[in-house]
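Subject: Structure handover

Hello,

Here is the structure I promised to pass on. Please open it, and keep it in view while you read my notes.

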Amino acid sequence: MVPRPYTLVAELTYACPLACVYCSNPLELGAPAGRLTTAQWCDVLDGAARLGVLQVHFTGGEPLLRDDLEQLVARARSHDLYTNLITSGATLTQDRLAGLAAAGIDNVQLSIQDTTAEGAARIAGPAGAAYHDHKRAVATWVKQHGLALTINVVLHRLNLDRVAAMIDYAAEVGADRLELANTQYHGWALRNRDHLVPTRAQLAAGAALAEAARQRLAERMEILFVKPDYFGNYPRACMDGWARRFIVVTPAGQVLPCHAAHAITTLHFETIRDRPIDEIWADSPALVAYRGEAWMQEPCATCEHRGRDFGGCRCQAFQLTGDAAATDPACVRSPHHAIVVRARDQTAAPSEPLAYRKLTTIRAR
(Lines give C-alpha, C1' and ligand atoms only; values in the text may rest on other atoms or scores of the structure.)
Protein backbone atom coordinates (compact mmCIF):
# COMPACT_ATOMS: atom_id res chain seq x y z
CA MET A 1 0.00 0.00 0.00
CA VAL A 2 1.36 3.43 -0.96
CA PRO A 3 1.57 5.68 2.12
CA ARG A 4 -0.23 9.01 2.11
CA PRO A 5 2.07 12.02 2.45
CA TYR A 6 1.01 14.93 4.63
CA THR A 7 3.67 17.56 3.86
CA LEU A 8 4.99 19.08 0.66
CA VAL A 9 8.34 20.87 0.98
CA ALA A 10 8.51 23.28 -1.94
CA GLU A 11 12.13 24.38 -2.41
CA LEU A 12 11.32 27.32 -4.66
CA THR A 13 14.90 28.45 -5.23
CA TYR A 14 18.43 27.82 -3.99
CA ALA A 15 19.20 31.54 -4.33
CA CYS A 16 19.82 33.25 -0.97
CA PRO A 17 21.42 36.46 0.31
CA LEU A 18 23.04 34.59 3.22
CA ALA A 19 26.02 32.23 3.17
CA CYS A 20 25.29 29.97 6.14
CA VAL A 21 27.98 27.44 6.95
CA TYR A 22 25.37 24.81 7.90
CA CYS A 23 23.15 25.14 4.80
CA SER A 24 21.68 21.83 3.59
CA ASN A 25 21.48 23.00 -0.03
CA PRO A 26 23.78 21.23 -2.53
CA LEU A 27 27.40 22.34 -2.77
CA GLU A 28 26.86 22.74 -6.52
CA LEU A 29 23.66 24.65 -7.27
CA GLY A 30 23.19 24.02 -10.99
CA ALA A 31 21.99 26.32 -13.76
CA PRO A 32 19.24 28.88 -13.08
CA ALA A 33 17.57 27.99 -16.41
CA GLY A 34 16.36 24.72 -14.93
CA ARG A 35 14.02 26.34 -12.42
CA LEU A 36 10.32 25.57 -12.49
CA THR A 37 7.91 28.18 -13.80
CA THR A 38 4.89 29.51 -11.94
CA ALA A 39 2.60 27.20 -13.93
CA GLN A 40 4.76 24.18 -13.13
CA TRP A 41 4.76 24.97 -9.42
CA CYS A 42 0.97 25.30 -9.58
CA ASP A 43 0.84 21.83 -11.12
CA VAL A 44 2.96 20.57 -8.22
CA LEU A 45 0.55 22.07 -5.69
CA ASP A 46 -2.46 20.64 -7.53
CA GLY A 47 -0.88 17.18 -7.61
CA ALA A 48 0.08 17.33 -3.95
CA ALA A 49 -3.51 18.17 -3.07
CA ARG A 50 -4.70 15.13 -5.05
CA LEU A 51 -2.35 12.99 -2.99
CA GLY A 52 -3.94 14.24 0.22
CA VAL A 53 -1.14 16.51 1.40
CA LEU A 54 -2.32 18.77 4.23
CA GLN A 55 0.40 21.40 4.42
CA VAL A 56 3.09 23.01 2.31
CA HIS A 57 6.38 24.56 3.41
CA PHE A 58 7.62 27.24 1.01
CA THR A 59 11.37 27.23 1.46
CA GLY A 60 14.70 27.45 -0.37
CA GLY A 61 17.28 29.01 -0.37
CA GLU A 62 15.23 32.13 0.20
CA PRO A 63 11.68 31.73 -1.16
CA LEU A 64 11.08 35.49 -1.03
CA LEU A 65 13.34 35.77 -4.08
CA ARG A 66 10.52 34.27 -6.14
CA ASP A 67 8.40 37.13 -7.47
CA ASP A 68 5.46 34.75 -7.80
CA LEU A 69 5.43 33.59 -4.18
CA GLU A 70 2.08 35.25 -3.50
CA GLN A 71 0.54 33.39 -6.45
CA LEU A 72 1.84 30.08 -5.17
CA VAL A 73 0.57 30.74 -1.65
CA ALA A 74 -2.86 31.58 -3.04
CA ARG A 75 -2.86 28.37 -5.13
CA ALA A 76 -2.03 26.31 -2.05
CA ARG A 77 -4.78 28.01 -0.05
CA SER A 78 -7.26 27.29 -2.85
CA HIS A 79 -6.75 23.63 -1.91
CA ASP A 80 -7.14 24.42 1.82
CA LEU A 81 -3.50 23.57 2.43
CA TYR A 82 -1.86 24.99 5.56
CA THR A 83 0.93 27.26 4.35
CA ASN A 84 4.23 27.89 6.06
CA LEU A 85 6.85 30.37 4.84
CA ILE A 86 10.39 29.35 5.85
CA THR A 87 12.54 32.45 5.46
CA SER A 88 15.59 34.35 6.62
CA GLY A 89 13.44 37.48 6.46
CA ALA A 90 16.37 39.30 4.88
CA THR A 91 14.48 40.79 1.94
CA LEU A 92 11.01 40.95 3.48
CA THR A 93 9.22 44.31 3.57
CA GLN A 94 6.01 45.28 5.35
CA ASP A 95 4.20 45.59 2.02
CA ARG A 96 5.37 42.17 0.85
CA LEU A 97 4.26 40.58 4.11
CA ALA A 98 0.85 42.23 3.79
CA GLY A 99 0.54 40.72 0.32
CA LEU A 100 1.50 37.28 1.57
CA ALA A 101 -0.97 37.53 4.42
CA ALA A 102 -3.70 38.49 1.96
CA ALA A 103 -2.74 35.52 -0.23
CA GLY A 104 -3.30 33.22 2.73
CA ILE A 105 0.02 32.48 4.43
CA ASP A 106 -0.64 30.86 7.82
CA ASN A 107 2.74 30.69 9.52
CA VAL A 108 6.10 32.40 9.14
CA GLN A 109 9.16 30.48 10.27
CA LEU A 110 11.91 33.03 10.71
CA SER A 111 15.48 31.80 10.98
CA ILE A 112 18.09 33.54 13.09
CA GLN A 113 21.72 32.48 13.21
CA ASP A 114 22.67 34.02 16.55
CA THR A 115 21.53 36.68 19.00
CA THR A 116 24.30 39.15 18.11
CA ALA A 117 25.30 40.67 14.79
CA GLU A 118 28.87 39.50 15.31
CA GLY A 119 27.73 35.92 15.85
CA ALA A 120 25.41 36.06 12.85
CA ALA A 121 28.27 37.27 10.65
CA ARG A 122 30.49 34.41 11.72
CA ILE A 123 27.80 31.90 10.76
CA ALA A 124 26.15 33.51 7.70
CA GLY A 125 28.86 35.80 6.37
CA PRO A 126 28.69 39.63 6.22
CA ALA A 127 25.01 39.57 5.25
CA GLY A 128 24.29 37.84 8.54
CA ALA A 129 25.26 41.00 10.38
CA ALA A 130 23.65 43.31 7.83
CA TYR A 131 20.22 41.75 8.25
CA HIS A 132 20.46 40.90 11.95
CA ASP A 133 18.39 43.83 13.28
CA HIS A 134 15.97 43.61 10.36
CA LYS A 135 14.93 40.11 11.47
CA ARG A 136 13.58 41.46 14.77
CA ALA A 137 11.51 43.99 12.82
CA VAL A 138 10.18 41.18 10.62
CA ALA A 139 9.09 39.23 13.69
CA THR A 140 7.18 42.29 14.90
CA TRP A 141 5.39 42.66 11.54
CA VAL A 142 4.41 38.99 11.52
CA LYS A 143 2.70 39.34 14.88
CA GLN A 144 1.03 42.59 13.83
CA HIS A 145 -0.61 40.71 10.97
CA GLY A 146 -1.92 38.09 13.38
CA LEU A 147 0.15 35.33 11.80
CA ALA A 148 1.70 32.44 13.69
CA LEU A 149 5.42 32.99 14.25
CA THR A 150 8.08 30.32 14.61
CA ILE A 151 11.66 31.26 15.42
CA ASN A 152 14.10 28.66 14.13
CA VAL A 153 17.74 28.45 15.20
CA VAL A 154 20.12 25.85 13.81
CA LEU A 155 22.40 24.96 16.72
CA HIS A 156 26.06 23.93 16.59
CA ARG A 157 29.34 24.54 18.37
CA LEU A 158 29.47 28.19 17.27
CA ASN A 159 26.21 29.23 18.97
CA LEU A 160 25.09 26.55 21.45
CA ASP A 161 26.48 28.53 24.36
CA ARG A 162 23.81 31.20 23.72
CA VAL A 163 20.67 29.08 24.01
CA ALA A 164 19.46 31.15 26.98
CA ALA A 165 19.70 34.34 24.91
CA MET A 166 17.89 32.64 22.03
CA ILE A 167 15.01 31.71 24.31
CA ASP A 168 14.84 35.30 25.57
CA TYR A 169 14.85 36.58 21.98
CA ALA A 170 11.94 34.35 20.97
CA ALA A 171 9.94 35.34 24.04
CA GLU A 172 10.59 39.06 23.45
CA VAL A 173 9.30 38.97 19.85
CA GLY A 174 6.22 36.97 20.88
CA ALA A 175 7.05 33.76 19.03
CA ASP A 176 4.44 31.02 19.22
CA ARG A 177 7.08 28.34 18.72
CA LEU A 178 10.85 28.13 19.10
CA GLU A 179 12.71 25.42 17.25
CA LEU A 180 16.22 24.80 18.56
CA ALA A 181 17.34 22.33 15.93
CA ASN A 182 20.83 20.91 16.18
CA THR A 183 22.66 20.66 12.87
CA GLN A 184 22.20 17.60 10.70
CA TYR A 185 25.32 17.03 8.62
CA HIS A 186 24.41 17.35 4.96
CA GLY A 187 25.52 19.80 2.27
CA TRP A 188 27.61 22.65 3.66
CA ALA A 189 27.14 21.37 7.20
CA LEU A 190 28.92 18.13 6.32
CA ARG A 191 31.73 20.07 4.70
CA ASN A 192 32.07 22.18 7.89
CA ARG A 193 31.39 19.35 10.32
CA ASP A 194 34.65 19.66 12.25
CA HIS A 195 33.77 23.27 13.06
CA LEU A 196 30.14 22.58 13.95
CA VAL A 197 29.92 19.38 16.01
CA PRO A 198 29.25 20.51 19.58
CA THR A 199 30.84 19.20 22.72
CA ARG A 200 28.84 16.96 25.03
CA ALA A 201 28.92 19.69 27.67
CA GLN A 202 27.45 22.24 25.25
CA LEU A 203 24.71 19.89 24.19
CA ALA A 204 23.77 18.90 27.73
CA ALA A 205 23.68 22.52 28.90
CA GLY A 206 21.58 23.61 25.93
CA ALA A 207 19.10 20.77 26.37
CA ALA A 208 18.71 21.56 30.09
CA LEU A 209 18.07 25.25 29.40
CA ALA A 210 15.52 24.39 26.74
CA GLU A 211 13.67 21.98 29.01
CA ALA A 212 13.53 24.47 31.87
CA ALA A 213 12.22 27.14 29.52
CA ARG A 214 9.71 24.74 27.99
CA GLN A 215 8.13 24.26 31.39
CA ARG A 216 8.43 27.92 32.43
CA LEU A 217 6.95 29.30 29.20
CA ALA A 218 4.50 26.50 28.42
CA GLU A 219 1.50 28.82 28.30
CA ARG A 220 3.24 31.36 26.04
CA MET A 221 5.42 29.43 23.62
CA GLU A 222 6.13 25.90 22.43
CA ILE A 223 9.83 25.03 22.62
CA LEU A 224 11.37 22.16 20.70
CA PHE A 225 14.97 21.02 21.16
CA VAL A 226 16.11 18.62 18.43
CA LYS A 227 19.19 16.63 19.38
CA PRO A 228 21.84 15.85 16.75
CA ASP A 229 21.97 12.30 15.37
CA TYR A 230 25.61 11.87 16.32
CA PHE A 231 24.93 11.88 20.06
CA GLY A 232 22.33 9.13 20.37
CA ASN A 233 22.58 5.35 20.38
CA TYR A 234 19.86 4.89 17.79
CA PRO A 235 18.90 7.08 14.84
CA ARG A 236 15.56 8.81 14.44
CA ALA A 237 13.11 8.04 11.67
CA CYS A 238 14.52 10.57 9.23
CA MET A 239 11.60 12.54 7.72
CA ASP A 240 9.34 9.90 9.33
CA GLY A 241 10.79 7.28 7.01
CA TRP A 242 11.87 7.35 3.36
CA ALA A 243 9.04 8.54 1.08
CA ARG A 244 6.33 7.94 3.66
CA ARG A 245 5.09 11.33 4.83
CA PHE A 246 7.16 14.09 3.15
CA ILE A 247 7.57 15.07 -0.50
CA VAL A 248 10.37 17.50 -1.37
CA VAL A 249 10.40 19.22 -4.77
CA THR A 250 13.62 21.00 -5.74
CA PRO A 251 13.87 24.26 -7.72
CA ALA A 252 14.49 22.20 -10.88
CA GLY A 253 11.52 19.92 -10.19
CA GLN A 254 13.18 16.78 -8.81
CA VAL A 255 10.87 14.84 -6.51
CA LEU A 256 12.77 13.73 -3.40
CA PRO A 257 11.87 12.06 -0.10
CA CYS A 258 13.99 14.57 1.87
CA HIS A 259 16.13 17.71 1.46
CA ALA A 260 19.44 15.87 1.12
CA ALA A 261 18.48 12.93 -1.11
CA HIS A 262 20.12 14.56 -4.15
CA ALA A 263 23.43 13.49 -2.57
CA ILE A 264 22.64 9.82 -3.27
CA THR A 265 24.19 9.53 -6.71
CA THR A 266 23.18 5.88 -7.15
CA LEU A 267 19.51 6.89 -7.53
CA HIS A 268 17.80 8.70 -10.38
CA PHE A 269 15.10 11.07 -9.13
CA GLU A 270 12.36 11.92 -11.58
CA THR A 271 11.18 15.47 -12.12
CA ILE A 272 7.69 16.85 -12.50
CA ARG A 273 8.61 17.41 -16.15
CA ASP A 274 8.67 13.62 -16.53
CA ARG A 275 5.16 12.99 -15.18
CA PRO A 276 2.76 14.30 -12.50
CA ILE A 277 3.93 14.33 -8.90
CA ASP A 278 1.22 11.96 -7.69
CA GLU A 279 2.34 9.33 -10.20
CA ILE A 280 5.99 9.77 -9.23
CA TRP A 281 5.09 9.39 -5.56
CA ALA A 282 3.25 6.14 -6.19
CA ASP A 283 5.85 4.11 -8.05
CA SER A 284 9.05 5.99 -8.91
CA PRO A 285 11.93 3.50 -8.43
CA ALA A 286 13.95 6.04 -6.41
CA LEU A 287 11.11 6.64 -3.96
CA VAL A 288 10.20 2.97 -3.69
CA ALA A 289 13.87 1.99 -3.16
CA TYR A 290 13.96 2.49 0.63
CA ARG A 291 10.27 2.79 1.46
CA GLY A 292 9.20 0.35 4.17
CA GLU A 293 11.47 -2.45 5.41
CA ALA A 294 12.00 -4.95 2.58
CA TRP A 295 15.28 -3.34 1.44
CA MET A 296 16.98 -3.57 4.84
CA GLN A 297 20.30 -5.29 5.46
CA GLU A 298 21.47 -6.60 8.83
CA PRO A 299 21.47 -5.45 11.53
CA CYS A 300 18.40 -3.40 10.52
CA ALA A 301 16.51 -6.34 8.98
CA THR A 302 15.95 -8.06 12.33
CA CYS A 303 16.25 -5.05 14.66
CA GLU A 304 13.32 -4.36 16.98
CA HIS A 305 13.58 -0.65 16.14
CA ARG A 306 13.19 -1.08 12.37
CA GLY A 307 9.49 -0.15 12.32
CA ARG A 308 10.20 3.08 14.21
CA ASP A 309 13.47 4.42 12.79
CA PHE A 310 13.41 2.68 9.36
CA GLY A 311 17.17 2.24 9.51
CA GLY A 312 17.81 5.95 10.09
CA CYS A 313 18.92 8.41 7.43
CA ARG A 314 19.62 6.99 3.94
CA CYS A 315 21.46 10.13 2.90
CA GLN A 316 23.73 9.99 5.93
CA ALA A 317 24.39 6.31 5.30
CA PHE A 318 25.40 7.04 1.70
CA GLN A 319 27.55 10.06 2.50
CA LEU A 320 29.46 8.27 5.27
CA THR A 321 29.69 4.73 3.85
CA GLY A 322 28.96 4.96 0.12
CA ASP A 323 25.98 2.59 0.51
CA ALA A 324 22.51 4.09 0.89
CA ALA A 325 21.17 0.74 2.12
CA ALA A 326 23.65 0.53 4.99
CA THR A 327 22.58 1.00 8.58
CA ASP A 328 22.86 4.68 9.47
CA PRO A 329 26.31 5.07 11.11
CA ALA A 330 24.61 7.13 13.83
CA CYS A 331 23.26 3.80 15.14
CA VAL A 332 25.37 2.08 17.78
CA ARG A 333 24.71 -1.25 16.03
CA SER A 334 26.11 -0.07 12.71
CA PRO A 335 29.45 -1.62 11.70
CA HIS A 336 30.39 1.92 10.61
CA HIS A 337 29.49 3.62 13.89
CA ALA A 338 33.15 4.47 14.53
CA ILE A 339 32.91 7.11 11.75
CA VAL A 340 30.39 9.04 13.81
CA VAL A 341 32.25 8.47 17.06
CA ARG A 342 35.44 9.94 15.59
CA ALA A 343 33.62 12.98 14.24
CA ARG A 344 31.69 13.47 17.49
CA ASP A 345 34.63 13.13 19.83
CA GLN A 346 37.39 14.80 17.80
CA THR A 347 39.25 17.43 19.80
CA ALA A 348 41.87 18.68 17.32
CA ALA A 349 41.34 22.08 15.77
CA PRO A 350 39.91 21.88 12.23
CA SER A 351 42.62 21.85 9.59
CA GLU A 352 40.58 23.93 7.12
CA PRO A 353 38.81 27.28 7.65
CA LEU A 354 35.03 27.55 7.62
CA ALA A 355 33.62 27.20 4.11
CA TYR A 356 30.74 29.61 3.49
CA ARG A 357 27.85 28.69 1.24
CA LYS A 358 28.31 30.24 -2.17
CA LEU A 359 26.14 33.31 -2.44
CA THR A 360 23.41 33.21 -5.05
CA THR A 361 21.47 36.44 -4.93
CA ILE A 362 20.05 36.59 -8.46
CA ARG A 363 16.28 36.82 -8.76
CA ALA A 364 14.55 33.47 -8.94
CA ARG A 365 12.09 34.65 -11.59
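First, a term: two strands pair if DSSP finds at least two bridges between them. Strands (E, at least two residues) and helices (H or I, at least four) are DSSP runs, numbered from the N terminus.

Two points on the source. This is a predicted model, so local features need pLDDT of at least 70 and side-chain atom pairs count only at pLDDT 80 or more, while totals for chains, interfaces and linings use all residues. Residues are numbered from 1 along each chain as its sequence is written, and side-chain values use heavy atoms, with hydrogens and water left out.

**The sheet**

Start with the overall layout. Nine strands form an open sheet. Their order is β7-β6-β5-β4-β3-β2-β1-β8-β9, and the pairing is mixed. β7 and β9 are the edge strands, since each pairs on one side only.

Now look at β2, residues 55-59. Is this strand largely enclosed or open? Four of its five residues are buried, so β2 is largely enclosed by the rest of the structure. Buried means under 20% relative accessible area; exposed means over 50%, and partly exposed lies in between (1.4 Å probe, protein chains only).

β2 has a partner in β1 (residues 7-11), and these two pair in the parallel sense over five bridges. Valine 9 has histidine 57 of β2 as its bridge partner. β2 also pairs with β3 (residues 82-87), again in the parallel sense, over four bridges.

How do you get from β2 to β3? Follow helix α2 (residues 69-78): β2, α2 and β3 make a right-handed β-α-β unit. Right-handed means this: with the strands pointing away from the viewer, the path from the first strand over the helix to the second runs clockwise.

Go on to β4 (residues 107-111). Four bridges join β3 to β4, and the two run parallel. Asparagine 84 has asparagine 107 of β4 as its bridge partner.

Next, β8. Four bridges join β1 to β8, which run parallel. Alanine 10 has valine 249 in β8 as its bridge partner. Both faces of β8 are covered. Phe246 and Val248 lie on one side, Ile247 and Val249 on the other, and all are buried.

β8 also meets β9 (residues 255-256). Two bridges join them, and they run antiparallel. Valine 248 is partnered by leucine 256 in β9. The two strands form a hairpin with five residues between them. Glycine 253, in the turn, has a positive phi of about 100 degrees.

**The aromatic rings**

Rings of Phe, Tyr and Trp (its six-membered ring) pair if their centres lie within 6.5 Å; planes under 30 degrees apart count as stacked, over 60 as edge-to-face and the rest as tilted. The count comes to five aromatic pairs. In one of them, the rings of tryptophan 242 and tyrosine 290 have centres 5.4 Å apart and planes at 85 degrees, so the pair is edge-to-face. This pair links distant parts of the chain, 48 residues apart. Tryptophan 242 is in the loop between β7 (222-226) and β8 (246-249), and tyrosine 290 in the loop between α12 (285-288) and α13 (306-309). Both are buried.

Tyrosine 290 also pairs with tryptophan 295: the centres are 5.2 Å apart and the planes at 85 degrees, so this pair is edge-to-face. Trp242, Phe269, Tyr290 and Trp295 form one aromatic cluster.

**The cysteines**

What is a disulfide? It is a covalent bond between the sulfur atoms of two cysteines. The cut-off here is a pair of cysteine sulfur atoms within 2.5 Å. The structure holds zero disulfides. Cysteine 300 is in none; its nearest cysteine sulfur, that of cysteine 331, is 6.5 Å away. Cysteine 300 is buried, with a relative accessible area of 8%. Cysteine 331 is buried too, at 6%.

Threonine 13 lies in the loop between β1 and α1 (38-51). This threonine is buried, with a relative accessible area of 0%.

Best wishes
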